[in-house]
Amino acid sequence: MTTQLPIEAPSRTARVYEAVRADILAGRLAPGSRLGFAGLVETYKCSIGVIREALQRLAEQGLVTSAPKLGFRVVEISEEDLVDLTDARCEIEVLALKYAIAGGDLGWEGRVVAAHHRLERTPQYDPADPARFSEDWVLAHGEYHQALLDGCTNNRILATATMLRDSAELYRRWSAPLHDRDRDIAGEHRAILDAAVGRDSGRACDLLCTHIRRTTDALLTPPSS
């Protein structure tokens, strides 16, 4: 069921953009699915102009594609694209972290520590489906990684890194359950935190790149029978 909006909501374009983005990342709008204006207008209770602006913004962020006469669609996912995405994240997201460590202030450190605290205290697996991460943990995980990047003082780099993380979320939502149970994900997060707030840029960046690549390896490796 897609996210509904109150009719009287202010800043309609921004609200619709956030709602469609949330529905894409949560998998309620599937990869490759067509985004017809009529259906979206009915779902989000807004005008065609508002929908068009929201979809154009999502297209700029890589979550939606558009083509003449074909309209808008949720971006497709593939193994080849995941490999390319991972390489891009290890360049851009790591660069954003480097800027954050160099320019982030005490407030940034506090936000990162707080986000990690929430992540560390949130149950990792879904009690109803122990093979998958819990929804609360997924949200806390995203907030922690975004908090790390938010100290980046270069807005262009930060925006690109955030866009790449959004694209990666599609793969986490639509791939088979992660099966690398021997992996200490909590330990990886703690190590990145310690290096970041300790201003050890080289170590923090190496740890983040390894963390990103391990997740991709888990998504691409078939589970053992």
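**Figure 1. Lys45 sits in the loop between H2 and H3.** Welcome to the first close-up of this predicted model. Look at the backbone of Lys45: its phi is positive, about 55°, although the residue is not a glycine. That is worth a second glance, because most residues other than glycine have a negative phi. How exposed is Lys45? With a relative accessible area of 36%, Lys45 is partly exposed. Its side chain has a partner as well: Lys45 and Glu42 meet in a salt bridge, with 3.9 Å from N to O. Glu42 counts as exposed, at 53% relative accessibility.

**Figure 2. Helices H2 and H3 pack against each other at an angle of about 105°.** H2 covers residues 37-44 and H3 covers residues 48-60, and their axes are 9 Å apart. Angles from 65 to 115 degrees count as roughly perpendicular, and H2 and H3 are therefore described as roughly perpendicular to each other. Which residues make the contact? From H2 come Phe37, Leu40, Val41 and Tyr44, while H3 brings Ile48, Ile51, Arg52 and Leu55. Sorted by class, this contact of H2 with H3 has seven nonpolar residues, no polar ones and one charged one.

**Figure 3. Helices H5 and H8 pack at an angle of about 170°.** Here is another helix pair to compare by eye. H5 runs over residues 106-121 and H8 over residues 185-197, with their axes 11 Å apart. An angle over 145 degrees counts as roughly antiparallel, and that makes H5 roughly antiparallel to H8. On the H5 side, the residues that meet H8 are Trp108, Glu109, Val112, Val113, His116, Leu119 and Glu120. Their partners in H8 are His189, Arg190, Leu193, Ala196 and Val197. While you are here, look for Glu120, Arg121, Arg190 and Asp194, which are linked in a network of salt bridges.

**Figure 4. Glu93 and Arg165 form a salt bridge between distant parts of the chain.** The structure holds 13 salt bridges, and this view shows one between the side chains of Glu93 and Arg165, with 3.4 Å from N to O. Glu93 belongs to helix H4 (residues 79-103) and Arg165 to helix H7 (residues 155-174), and the two are 72 residues apart.

**Figure 5. Arg214 and Glu188 meet in a salt bridge.** The distance to look for is 3.5 Å, from N to O. Arg214 lies in helix H9 (residues 201-220) and Glu188 in helix H8, so this pair ties together parts that are 26 residues apart in sequence. Arg214 counts as partly exposed, at 32% relative accessibility, whereas Glu188 is buried, with a relative accessible area of 16%. The loop between H8 and H9 also deserves a look, for Arg199 is found there. Arg199 has a positive phi of about 60° although it is not a glycine. At 31% relative accessibility, Arg199 counts as partly exposed.

**Figure 6. Thr215 has its place in helix H9.** Is Thr215 buried or exposed? Thr215 is buried, with a relative accessible area of 14%. Thr215 and Thr86 are 129 residues apart in sequence and 9.3 Å apart in space, counted from C-alpha to C-alpha.

**Figure 7. Residues 6-10 have pLDDT under 50.** For the protein chain, the mean pLDDT is 88, and 90% of its residues reach 70 or more. Over residues 6-10, however, pLDDT stays under 50, and the model has four contacts for this stretch beyond four places in sequence. A friendly word of caution: where pLDDT is low, the predicted coordinates should not be read in detail.

Notes:
Residues numbered from 1 in each chain as written. Predicted model: local features only at pLDDT ≥ 70, side-chain atom pairs only at ≥ 80, totals over all residues. Heavy atoms only, no water. Axes fitted to C-alpha atoms, helices over the stretch in contact; angles between N-to-C directions. Helix = DSSP H or I, 4+ residues; strand = E, 2+ residues; numbered from the N terminus. Parallel < 35°, antiparallel > 145°, perpendicular 65-115°, else oblique. Contact = heavy atoms within 4.5 Å. Salt bridge = Lys/Arg side-chain N within 4 Å of Asp/Glu carboxyl O. Buried < 20%, exposed > 50% of the residue type's maximum accessible area, 1.4 Å probe, protein only. pLDDT = per-residue confidence, 0-100. Nonpolar A, V, L, I, M, F, W, Y, C, P; charged D, E, K, R; others polar.
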